[in-house]
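These are my notebook entries on one structure. I began with strand pairing and went on to the packing of side chains and rings.

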Amino acid sequence: MRVLKSSMSVEKFDISVTYKGLKTFDCGNKMINRFVQKSLKKRVKKHFSQAYVLLENDTFVGFYTLDTFSIARDTFEKDERPSSLPPMVSVVKLAMLGVDKKRQGQGIGKRLLRDAMLKVVDISEVAGCTGLFLLAEEEAIAFYKGLGFKPLKEDSPLPMFLHIETILQALK
């Protein structure tokens, strides 16, 4: 009996490609599912976001999007605030991240986040940015905290941040 090995790759989202599994993608979050099926292609086409997809044997099983963003310096708690910040702080926003329900719990979300962190490092070398920002839904807070993200203030969804120095340390 011959066993086929699974092949996974993260690729930049290509608006000209029809991804197998994209229209049936289900990560368990209705808002993210709707975004993938109805808005992802439009946002990338209009340059509002850049997206990266995780393909397994050419099937769409996960993705994330990055946006340029800025947050007010005062968003950071005084003891967590990096020194010498301008009034508005340049960050990269992880706007969306999703993994197909059948593939959750296998480290795919961490793999996608690591890929996003590598992109943030590249961006920081080209244009400068303070780190990675996101708004975490209740069910995702523990995941992001476990990866070093710090809550910025109590709100829902929860604004969280990972400083570029923390990212650099994590990638070593």
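Which residue in β4 stands opposite Thr65? I looked this up before anything else, bearing in mind that the model is predicted. The residue opposite Thr65 is Met96 in β4.

**Entry: strands β2, β3 and β4**

I then followed the pairing of the strands on either side. β3 and β4 run antiparallel and are joined by 11 bridges. β2 and β3 also pair in the antiparallel sense, over seven bridges. Within that pairing I noted Tyr64 of β3 as the bridge partner of Tyr52. The hairpin of β2 and β3 has two residues between the strands, and Asn57 there takes a positive phi near 50°.

I turned to β7, residues 158-163, and found five of its six residues buried. β7 pairs with β5 (residues 131-136) in the antiparallel sense over six bridges. In this pairing Gly131 stands opposite His163. β7 also pairs with β6 (residues 150-151), again in the antiparallel sense, over two bridges. Pro151 stands opposite Met160 of β7. A hairpin of six residues joins β6 to β7.

**Entry: nonpolar cores**

I looked up the largest nonpolar core and found 30 residues in it. Tyr64, Leu66, Leu94, Leu132, Tyr144, Phe149 and Ile167 have the most contacts inside this core. At least two of its residues come from each of β2, β3, β4, α2, β5, α3, β7 and α4. Helix α2 gives the most, with seven residues.

I took Leu94 as an example and listed its contacts, leaving out residues up to four places away in sequence. Leu94 touches Tyr64, Thr65 and Leu66, then Leu113 and Ala116, then Leu132, Phe133 and Leu134, and also Tyr144.

Another core, of 16 residues, lies apart from the largest one. Among its residues I noted Phe25, Ile32, Phe35 and Val36.

**Entry: aromatic pairs**

How many aromatic pairs does a search of the whole structure find? The search finds 10. One of them is the stacked pair of Phe69 and Phe133, at 5.3 Å centre to centre and 10° between the planes. Phe69 belongs to strand β3 and Phe133 to strand β5, so this pair ties together parts that are 64 residues apart in sequence.

Phe143 is partly exposed, with a relative accessible area of 28%, whereas Tyr144 counts as buried at 8% relative accessibility.

**Entry: charges over rings**

I next looked for charged ends above rings. The charged end of Lys93 sits over the ring of Phe69, 4.8 Å from its centre. The charged end of Lys119 sits over the ring of Tyr52, at 4.4 Å from the ring centre.

**Entry: cysteines**

Finally I looked for disulfides and counted zero. I recorded Cys27 as buried, with a relative accessible area of 10%, and Cys129 as buried, with 13%.

Definitions and conventions
Residues numbered from 1 in each chain as written. Predicted model: local features only at pLDDT ≥ 70, side-chain atom pairs only at ≥ 80, totals over all residues. Heavy atoms only, no water. Buried < 20%, exposed > 50% of the residue type's maximum accessible area, 1.4 Å probe, protein only. Helix = DSSP H or I, 4+ residues; strand = E, 2+ residues; numbered from the N terminus. Pairing = 2+ DSSP bridges. Core = buried A, V, L, I, M, F, W, Y, C linked by side-chain atoms within 4.5 Å. Contact = heavy atoms within 4.5 Å. Disulfide = S-S within 2.5 Å. Phe/Tyr/Trp six-rings, centres within 6.5 Å; stacked < 30°, edge-to-face > 60°. Lys NZ or Arg CZ within 6 Å of the ring centre and 35° of its normal.
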